[in-house]
Amino acid sequence: MPVVELSYTRLQKLVGKVTKKQISDSLPFLGLDIESENKDLIRIEYSPNRPDYSTDFGIALGLQGLLGIKTGAIKLSVKKSNKYKISVKSEVSKIRPFVTGIVATNGKIDDRTIKQFMTMQEDLHFRIGRKRKKSSIGIHDLDTISFPLVYTTTNRNHKFIPLTSEKELSISEILKDTDVGKDYGSILGNSPKIPLILDANQKTVSFPPIINAAITTITTKTKNLFVEVTGINKEDAEDMLSVVATILQSAGFTLESVQISGAKNSSPKLAQKKISVNSSLINQTLGLNLNASKIISSLKKSRLDASTKGKNIICIIPAYRFDIFGSMDLVEEVALGYGIQNLEPTLSPSQTLGQKHPISISLQSISSMMTGLGYMEALNSSLTSKRILYDNTKRDSSKIVSVLDSKSLEHTILRDSLFPGLIDSLAKNIHESYPQKLFEIGTIFNKTSSVTEETHLCATSSHKDANFSEMKSVLQSIIQSIFGKTCETKTTTHPTFENGHVANITVDGKVIGIIGEISKSTKDNFKLRELIVSFEIKLPG
């Protein structure tokens, strides 16, 4: 979890008339953990989904709401301006197609503010930006830049003085010789063209997503800022910008718009969104009996706005609160605004004692048996990629189950089989000694008229002498334990397995799974060499 260092004295000035004790008592109820305290300094651990808490300005906004000093949503006041423009050239479309930005003027910056801006910037890079791959941010001294700007490309021989350097370096030298170039240069691949932001005097402003130019460095004398965000996804770039804009406004800066045009780019909207939630859902979930007025006031303490429409509460979400996806997120915000400390625990009306579900007992027994047979248990995510699940295994992807709004670039698909994940686990452990024997008990998802779930068992064995008979003996032991019967294997075909070395597994004439030797082409796709045998069966229950 990320950590930020704050000053109690500075927080008191930002929040208003509050004591040190009020702040320390309230921080945990914002979802912030106090890691350590040393006189006036306090180190706070915050959730990665709240990058606005990476600075004391953002935490002060939360405290003001919780303590009732200032409530309701933070509204961004962006002055429309024709002075600041960015033109986007079409050649960036295949490299890093989107850019957005904002100008912040008439602010004051001290050393601690600079340090917190840097912390916020790196936190945004690491989480929303996925280590700058999806999006990255540059914060510049506005007074060193001549508008209009152009977002374009250049070759690797282009030279400028990068941040923290005193000498001019070429793009190639920056990527090869600097720490930041070594860390993030792989994002650009081997492309001969490199993205660049130039000002009206052809001075380099930024080399995204790697480094800013030294000339735009922020100091304690800086009063006006220019913020640019580039990325491969417009929504992610604007999410990142919304956090920075909110923090800058709360730090006392006046926001001004930047006009962006060209190559499918447009000026940022930073718009609020609306989500509806039923008051009965809130009360049932929290075990309360709050009226609409109390729910709205609780939401406002969480720095949101709300109004009633029939039995529903219409909540207005600021742009920087992109961690709020649906109604259950709003239930949590009501709980925070109402006060976690005000929720009274009650004894369950049920007098029965909890116990393990019979299915859990059965699965634990299977797990113990597989371990006893010399297999190591794996635990893979239900969310995987098309490459692992279908492309590498040559399986039919016509009934693919994708998730909406995945925060991962690659892992966007719910698995319908376990063995692709286990084969991928083998591929990640080729440096370990053989034999490698893995098993997994997990949920898979099938798409028919609706999405259904099943529990499967999959086992793989990989070594130079792995064979069908070895895996079938393991299978027979498991089937006997689960069903109290023997199974039959009937030859079939499957794109992942070798022809003539694959069979359906049947019990009482019903197909419950598949067993066989993984094909050479599948092994090649996963960059594996040793023989691999595997089975996967559907478990009852």
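Predicted model: local features only at pLDDT ≥ 70, side-chain atom pairs only at ≥ 80, totals over all residues.

Biologist: Why is R50 called buried?

Modeller: Buried means under 20% relative accessible area, exposed over 50% and partly exposed in between (1.4 Å probe, protein chains only). R50 has 12% relative accessibility, so R50 counts as buried. R50 sits in the loop between β3 (41-45) and α3 (56-66); helices here are DSSP runs of H or I with at least four residues, strands are runs of E with at least two, and both are numbered from the N terminus.

Biologist: What makes the link between the side chains of R50 and D52 a polar contact?

Modeller: The term needs a pair of N or O atoms within 3.5 Å; within protein, one must be able to donate a hydrogen and the other to accept it, and residues adjacent in sequence count only if both atoms are side-chain atoms. The R50 and D52 side chains are joined at 2.7 Å. Not counting residues up to four places away in sequence, R50 also touches Y320, R321 and D323, contact being heavy atoms within 4.5 Å.

Biologist: How do you know that the length of α7 agrees with its residue count?

Modeller: The expected span is 1.5 Å times one less than the number of residues. With 17 residues (234-250), α7 should span 24 Å, and its end C-alpha atoms are 24 Å apart, so the two agree. At the N-terminal end, N233 is the cap, with a side-chain oxygen 2.9 Å from the backbone nitrogen of E235. After α7 comes G252, with a positive phi near 105°.

Biologist: What makes α7 mostly covered?

Modeller: Of its 17 residues, 14 are buried. D236, in α7, is one I'd pick out: its relative accessible area is 8%, so D236 is buried.

Biologist: Which residues touch the most other members of the largest nonpolar core?

Modeller: A nonpolar core is a set of buried Ala, Val, Leu, Ile, Met, Phe, Trp, Tyr and Cys residues joined through side-chain atoms within 4.5 Å. In this one, of 31 residues, they are L124, I137, L225, V227 and L248. Its largest share, eight residues, comes from α7.

Definitions and conventions. Residues numbered from 1 in each chain as written. Heavy atoms only, no water.
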